[in-house]
Amino acid sequence: MQQFDEMYSQASATQPGSPVRAHYQAYAEWLAGQSDNSMLARREEAEMIFRRVGITFAVYGDKDESGSGTERLIPFDLIPRIIPAHEWQSMERGLVQRVTALNRFIHDVYHDQEIIKAGIIPADQILNNAQFRPEMMGVDVPHQIYSHISGIDIVRAPNAQGEGEYYVLEDNLRVPSGVSYMLEDRKMMMRLFPELFSRHRVAPVAHYPDLLLETLRASSPASSAEPTVVVLTPGMYNSAYFEHAFLAQQMGVELVEGQDLFVKDQFVYMRTTRGPKRVDVIYRRVDDDFLDPKVFRPTSTLGCASLMEAYRVGNVAICNAVGTGVADDKSIYPYVPKMIEFYLGEKPILNNVPTFMCRKPDDLAYTLANLKDLVVKEVHGAGGYGMLVGPASTKAEIEDFRAALLANPSGYIAQPTLSLSSCPTYVESGVAPRHIDLRPFVLSGRTVQMVPGGLTRVALKEGSLVVNSSQGGGTKDTWILQA
């Protein structure tokens with residue numbers, strides 16, 4: 001399988017003197033002058049600071065002695081992923097195009113359903129989707145924006161010419177996480193290696209919380225010049241609680257749980273020491289099913305009773321909107337290029353990974369015949385769970401997946417095993433290539449904007465293609481070089 005390395009023009013070359021890509025040249029020269037002891041000391045310093053600050057990620061699959069999920073640091077890698085300005089500019093145009101089309105699609109799904117009438121997406125793919133919310137039919141949201149914060153997962157793999165090409169692997173439109181690690185990784189790199197930032201024109205990312213607050217305020221239904229924004233968290237036992245608290249603090253807004261909110265006369269209020277205060281915008285990090293026990297899951301204690309009533313009449317904004325998940329289901333992903341053409345009249349700038357929809361008999365037959373070479377994913381799966389990576393699986397695992405596929409073909413998609421690009425990474429044995437992806441964060445308010453960069457996730461196990469934090473992946477700082 002062909003390999004593409006971000007730093008070296010020969011993927012297997014990671015030794016000094018190997019051919020280095022132009023945008024990495026200055027960094028490679030600096031790295032060659034660093035001793036192992038110096039790099040190790042800085043890695044230990046980073047780990048100590050992250051632990052002190054409390055930058056952890058709860059891993060539900062790992063149990064400690066008490067039976068609870070364990071808290072652990074997401075490993076941070078010292079070697080940045082560097083992207084030249086021209087590549088970022090093209091990617092940014094593609095991201096704006098894609099998220100704009102996805103927002104048009106979600107609005108259409110809950111209003112006129114023109115894309116169904118045009119025969120582009122089968123009605124049952126949408127109406128029977130687990131994330132479709134009939135409660136949102138006919139509900140108007142400010143600026144027709146549903147996914148205010150989108151995390152689009154991008155991978156790079158060799159094309160026919162052996163050059164790296166960017167592909168969208170997944171759209172995360174419900175409650176995308178990870179942006180706090182993007183911000184903290186940058187702060188850490190500037191602390192550990194200040195000299196590197198005088199050698200490189202690295203585009204800043206620190207203003208992301210300002211853009212996020214601007215985006216949230218733009219969604220406010222209130223006429224108030226200073227709408228009240230809150231971050232709604234499921235609580236401290238959620239895997240991304242650090243991020244919820246971090247973003248609330250960075251934006252200067254309240255972090256609330258469902259019990260802190262109540263609805264009166266179709267308006268939402270939060271309890272404060274000075275009495276009730278009206279809430280205009282809720283940046284929710286709680287899934288739809290738990291938002292309102294009167295409408296969704298009756299046993300939920302994470303949401304607020306009658307929240308949907310206030311939402312439907314337009315007295316509060318919920319970001320991201322209820323029902324947004326209908327567009328980030330993996331069974332809908334193959335249709336996004338057609339959405340771009342349908343709603344925008346444009347050709348996609350960023351390509352999808354070729355995808356087989358196992359609900360189609362021909363695609364299912366191909367998938368079953370080639371399981372050992374494919375990646376097969378549950379359409380509702382997330383976090384690297386519920387998937388088969390054929391080349392890395394045992395015969396028994398492949399046969400188990402075959403049975404699951406035959407039992408529920410529409411629950412799966414399949415894709416070729418992409419050779420994700422690699423980037424030199426500082427591991428126990430020294431500097432070695434490891435596979436990476438990228439999650440830029442796209443903010444949709446009155447305009448669509450983003451900071452230059454994103455969260456680069458790295459698969460720390462040699463040869464592994466699974467970069468998810470919950471599966472032992474780490475993170476890198478992402479540098480977009482300014483022109």
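Student: Which residues of α6 are buried?

Tutor: A residue is called buried under 20% relative accessible area, exposed over 50% and partly exposed in between, with a 1.4 Å probe and protein chains only. In α6 the buried residues are V179, S180, Y181, M182, L183, E184, D185, R186, M188, M189 and L192. Eleven of the 14 residues of this helix are buried, so α6 is largely enclosed by the rest of the structure. Before going on, please keep in mind that this is a predicted model, in which local features need pLDDT of at least 70 and side-chain atom pairs count only at pLDDT 80 or more, while totals for chains, interfaces and linings use all residues. Residues are numbered from 1 along each chain as its sequence is written, and side-chain values use heavy atoms, with hydrogens and water left out.

Student: How is a name such as α6 assigned, and what span should the 14 residues of α6 have?

Tutor: Helices (H or I, at least four residues) and strands (E, at least two) are DSSP runs, numbered from the N terminus. The expected span of a helix is 1.5 Å times one less than its number of residues. For the 14 residues of α6 this gives 20 Å, and the end C-alpha atoms are 20 Å apart, which agrees.

Student: At what angle do the axes of α2 and α6 cross?

Tutor: Axes are lines fitted to C-alpha atoms, for helices over the stretch in contact, and the angles run from 0 to 180 degrees between N-to-C directions. Helix α2 (residues 36-53) and helix α6 (residues 179-192) have axes that come within 11 Å and cross at roughly 135°. That makes α2 oblique to α6, given that angles under 35 degrees count as roughly parallel, over 145 as roughly antiparallel, 65 to 115 as roughly perpendicular and the rest as oblique. The crossing of these two helices is right-handed; a crossing has this hand if the near helix is turned clockwise from the far one by less than a right angle, and is left-handed if anticlockwise.

Student: Which residues of α2 and α6 meet?

Tutor: Contact means heavy atoms within 4.5 Å. On the α2 side the residues are R42, E45, A46, I49, F50 and R52, and they meet E184, D185, M188, R191 and L192 in α6. By class, this contact of α2 with α6 has five nonpolar, no polar and six charged residues, where Ala, Val, Leu, Ile, Met, Phe, Trp, Tyr, Cys and Pro count as nonpolar, Asp, Glu, Lys and Arg as charged, and the others, Gly among them, as polar.

Student: How do α8 and α9 pack, and which residues make the contact?

Tutor: Helix α8 (residues 208-218) and helix α9 (residues 241-251) pack at an angle of about 85°, with axes 9 Å apart, and they are therefore roughly perpendicular to each other. Y208, P209, L212, L213 and L216 of α8 make the contact with L247, Q250 and M251 of α9. This contact of α8 with α9 has seven nonpolar, one polar and no charged residues. The buried residues in α9 include L247 and M251, and just after α9, G252 takes a positive phi of about 75°.

Student: At what angle do α3 and α11 pack?

Tutor: Helix α3 (residues 85-109) and helix α11 (residues 336-344) pack at about 80°, with their axes 9 Å apart, and are therefore roughly perpendicular to each other. Among the residues making the contact are F105 of α3 and M339 and Y343 of α11. The residues of the contact of α3 with α11 divide into nine nonpolar, two polar and three charged.

Student: Is F105 buried or exposed?

Tutor: F105 lies in helix α3 and, at 0% relative accessibility, counts as buried. Leaving aside its neighbours within four places in sequence, F105 is in contact with I115, I121, I126, V326, A327, I332, M339 and Y343.

Student: Which residues other than glycine have a positive phi, and where do they lie?

Tutor: H143, in the loop between α5 (123-127) and β4 (149-158), has a positive phi of about 60° although it is not a glycine, and H143 is partly exposed, with a relative accessible area of 44%. S306, in the loop between β11 (281-284) and α10 (307-312), has a positive phi of about 75° and is likewise not a glycine; S306 is buried, with a relative accessible area of 12%.
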